[in-house]
Amino acid sequence: MCLGIPGRIVAITDEARQMAMAEVSGVRREVNVACVLDRPIGALVGEWVLIHVGFAMALIDEDEAARTLDALRDLGEAQEALDAMAEGQRALEGRA
Amino acid sequence: MKYATEFRDPKAARAVLARIAQVADVLGATRAKPVHIMEICGGHTHAIFRFGLDKLVHEGVEFIHGPGCPVCVLPMSRVDECVQIAERPEVIFTTFGDAMRVPGTRKSLLQAKAEGADIRMVYSPLDALQLARRNPGREVVFFGLGFETTTPSTALAIQQAAREGLANFSVFCNHITVPEPIKALLDDPHMVLDGFIGPGHVSMVIGTHPYDFIARDYGKPIVVAGFEPLDLLQSVLMVLDQIRDGRAEVENQYARVVPEHGNPVSLAAIADVYERRPSFEWRGLGEIDASGLRIRSAYAAFDAEEKFGVGYAAGPRHVPEPEGCACGAVMTGRIKPTACPQFGRGCTPDMPLGALMVSSEGACSAYWQYGGARATEAAE
Amino acid sequence: MNAAPPPRLRDTRVTLSHGGGGRAMRDLIDEVFASAFRPDTMEDQARLTHPALAEPGARLALTTDSFVVTPLEFPGGDIGKLAICGTVNDLAVGGARPLWLSAAFILEEGCEIALLRRIVATMATEADKAGVRIVTGDTKVVGRGAADGLFVTTTGVGVIPPGRHLAADTIRPGDVAIVNGVLGDHGATILAARGDLALSTDLVSDCQSLGHLMEAAIAAAPGLRAARDATRGGLAAALNEMAAAAGVGIEIDEDSLPLRDEVRGVCEILGLDPLYLANEGTLVAFVPEAEATAALAAMRARPEGRGAVAIGRAVAAHPGQVRMRTAFGGMRIVDMLVGEQLPRIC
């Protein structure tokens, strides 16, 4: 349900109707920005939004995205450390 | 693609998968006695199969594919009503592509189109509005379909039509809500679920609090998740961690998009245009109290049900589901798609019998298309 | 050279009289079609001879295809270019050297003659490029609403040299699957060009003839088993057909699939899978592993094959089935679709 994809607002196309041009991987489509108008419409240019059926439904929070990725990275590092320990253990056992 | 590629890193995935395996082992989960996690949203089902996550996770974690595909749960009677509206000569019927192939009792929209109805696929309700502006002599009807993610878009389109006085635009409203069917599933005595992956894009509209009852009243963990593979895996891990710790909480893995309290503009638009129906029929699940929305009388001029005298406006009706179809049991997690006697026999994507085979988001169709079951069988 | 006679065709749009068998039809044929295609004879039949036919063991190859597309002109081509490339490619991927084409047109009353001239000119140019001649043709006019602008049917004749036998049932486990370039450009371009989804892109169709590319690949990899152009149904359909015909499994690697960012973007927005998008200048060929490097190098040396890459291989397991190792490390089945891929919201 609910296909939504990240896109970047590149221009405002119709201020009265709250429309802007969004770009997704080089593909442009006009979207309605009413739901993300927490600031003057012009200030949306450059922002990343989540697009669903022609509407920008949410602003994407860059800091939160970074936090999620950090958590994933930490998991990865912890796992690598565990793997290395297990590897060391195996090597020791192999030598014994 | 920013905000997508980073969340598809196979290296990070290995670490999460290893952690999932560790926790699953601690929980004593096995293939015979798995932890059942329902991903409510059809988009999650699609991503699980698209990225092959079902075969990457520990065998003691079993995904149960939930009712969150609006196309799949649309009852036949509503498809019939679409066809009825679309076949009126003055009507241009506009719809998302997903709904074109859903079978009604007599025909699908695709078949009605072949027989001459003016049915057009659009990407957005905004495109339907544009058609209404350009065709003042025709009645443009938009097939409003979907959960809370999609509901604001039709609400805003109706508000815009009202502002412009576009008298030839209306919406055939089939919007439904997520929390009510989840409650119905949890009340089902056969329910086997241990936790939930919550729908990320519904939640960006409604926030995370509407799920509080799942943790508070039913003691089940739920983690609102994004749609990239790492989002899903991390959320599975978060659900397992909760189970291991004996916690039942609403957690938000998708904080980059989902605010705790949702989107105020969307919620205001929904409240302004829509109200709850006393009940709404779901394919495979039956009537569920307060699970559907209708257009408020203030906007009756834009309500296709009122305008054309169909649907609930025309009185109660029920169309029974096809004989032998086990969609209900699949959707409540009681059986896997492959355990349905009709799967691959009387019901295939070519000739779908039940709703879950219709849309590519449906559990059965996804099983078929991506070989959830067949691949496993072949490998064994 | 004689000076060109003054033009007699003054109409700006096709009318029913252009199909009526009289002077109007003769003028249309002379000034639009014959002037561009320059057939040897205006008889109702082409009379053909070619030294390649005289070689003992040489075989004739014959194929036909009808072309309908909306819009008729799109970034990177038009229906005429499709009609030449499509039929040339059907011959080429079977190992035939394309030589001659026929072209039959069904014109809708009201079709602009300037548009028709542009399309015919593209056909002549593309035929030259592909090394084929358009030697005969036909025109019919139907009433408004009975066709969508114009339809073209091309039939192609080619010669398969002695000893060459390309067929999908010769594919063996271990053979390498190669594509000549990016996937899905045509399908994504047409979706955007139709305008009803209001998407704008800089994409152009990949529409191109593959005859010279196939000859180069076969010269470098004489063991080349079989090739298909991945048109309707995309790469997924082509691979499924080949797996079924050969009774082998096919495994491809998602990471290796060449896709433009814009094609990915169109697919993400509309919820489509690029494996099912149509191509009009992309083929998939299977070659023995020992010849894969040579085939890739020969393809990359030509403009139509600059992006050639190996995407997977035939395997003994799961016969008849295509599977893909996802970029994420999972494995999934790549089945054929029931119908056309429809944009989805959910």
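Q: Before we look at single residues, what makes a residue buried, exposed or partly exposed?
A: A residue is buried if 20 or more other C-beta atoms lie within 10 Å of its own, exposed if 12 or fewer, and partly exposed in between. Please keep in mind that this is a predicted model.

Q: Then how does A290(B) count?
A: A290(B) has 14 C-beta neighbours inside 10 Å, so it counts as partly exposed. A290(B) sits in the loop between β12 and β13 (293-295) of chain B.

Q: And what is its phi, for A290(B)?
A: Phi of A290(B) is near 55°, which is a positive value in a residue other than glycine.

Q: Going over to chain C, is R38(C) buried or exposed?
A: R38(C) is exposed, because 11 other C-beta atoms lie within 10 Å. Its phi is near 45°, again a positive value in a residue other than glycine. R38(C) belongs to the loop between α1 (23-37) and α2 (51-54) of chain C.

Q: What about the peptide bond from T70(C) to P71(C)?
A: That bond is cis, and its omega is near -5°. P71(C) lies in the loop between β1 (59-67) and β2 (73-74) of chain C.

Q: Back to chain B. How many residues of strand β5 (residues 139-146) are buried?
A: In β5(B), 8 of the 8 residues are buried, so the strand is largely enclosed by the rest of the structure.

Q: Which strands pair with β5(B)?
A: Strand β3 (residues 91-95) of chain B pairs with β5(B) in the parallel sense over 4 bridges. Strand β6 (residues 169-175) of chain B also pairs with β5(B) in the parallel sense, over 7 bridges. V140(B) of β5(B) is the bridge partner of I92(B), and V140(B) has F169(B) as its bridge partner in β6(B).

Q: What do β5(B), helix α7 (residues 151-164) and β6(B) make?
A: Together these elements of chain B make a right-handed β-α-β unit.

Q: Which residues of helix α8 (residues 179-187) of chain B are buried?
A: They are P181(B), I182(B) and L185(B). These residues cover an arc of only 105° around the axis, which puts them on the same side of α8(B).

Q: Why would residues three or four places apart point the same way?
A: An α-helix has 3.6 residues a turn, so residues at that spacing point the same way.

Q: What do the buried residues of α8(B) pack against?
A: They pack against β1 (35-41), β2 (61-68), α10 (212-218), β11 (279-282) and β12 (286-289) of chain B.

Q: New topic: the sheet in chain C. What is the order of its 7 strands?
A: The order is β9-β11-β7-β12-β10-β13-β14 (chain C), in an open sheet with mixed pairing. β9 (226-229) and β14 (331-333) of chain C stand at the edges with a single partner strand each, so one side of each is left without a neighbour in the sheet. From one strand to the next, the twist averages 25°.

Q: How do strands β7 (residues 176-179) and β11 (residues 283-287) of chain C run?
A: They run antiparallel and are joined by 4 bridges. Within this pair, A177(C) stands opposite F286(C) in β11(C).

Q: Which helix packs on that sheet?
A: Helix α9 (residues 292-300) of chain C does, touching β7, β11 and β12 (309-315) of chain C. The direction of this helix makes about 5° with that of β7(C).

Q: And chain A: which strands pair with β1 (residues 5-14)?
A: Strand β4 (residues 48-52) of chain A pairs with β1(A) in the antiparallel sense over 4 bridges, and I5(A) has I51(A) as its bridge partner in β4(A). Strand β2 (residues 19-24) of chain A pairs with β1(A) in the antiparallel sense over 5 bridges. In that pairing, R8(A) stands opposite E23(A).

Q: How many residues are there between β1(A) and β2(A) in the hairpin?
A: There are 4 residues between them, and Q18(A) in the turn has a positive phi of about 60°.

Q: Last one: how do β3 (residues 27-32) of chain A and β8 (residues 199-200) of chain C pair?
A: They pair in the antiparallel sense over 2 bridges. In β8(C), S200(C) is the bridge partner of R28(A).

Note on methods:
Residues are numbered from 1 along each chain as its sequence is written. Chains are lettered from A and ligands numbered from 1 in the order in which they are written. This is a predicted model: local features need pLDDT of at least 70, side-chain atom pairs count only at pLDDT 80 or more; totals for chains, interfaces and linings use all residues. The arc is that of the directions from the helix axis to the C-beta atoms. Two residues are in contact if their C-beta atoms, placed from the backbone, lie within 7 Å. Two strands pair if DSSP finds at least two bridges between them. A crossover is right-handed if, with the strands pointing away from the viewer, the path from the first strand over the helix to the second runs clockwise. Axes are lines fitted to C-alpha atoms, for helices over the stretch in contact, and angles run from 0 to 180 degrees between N-to-C directions.
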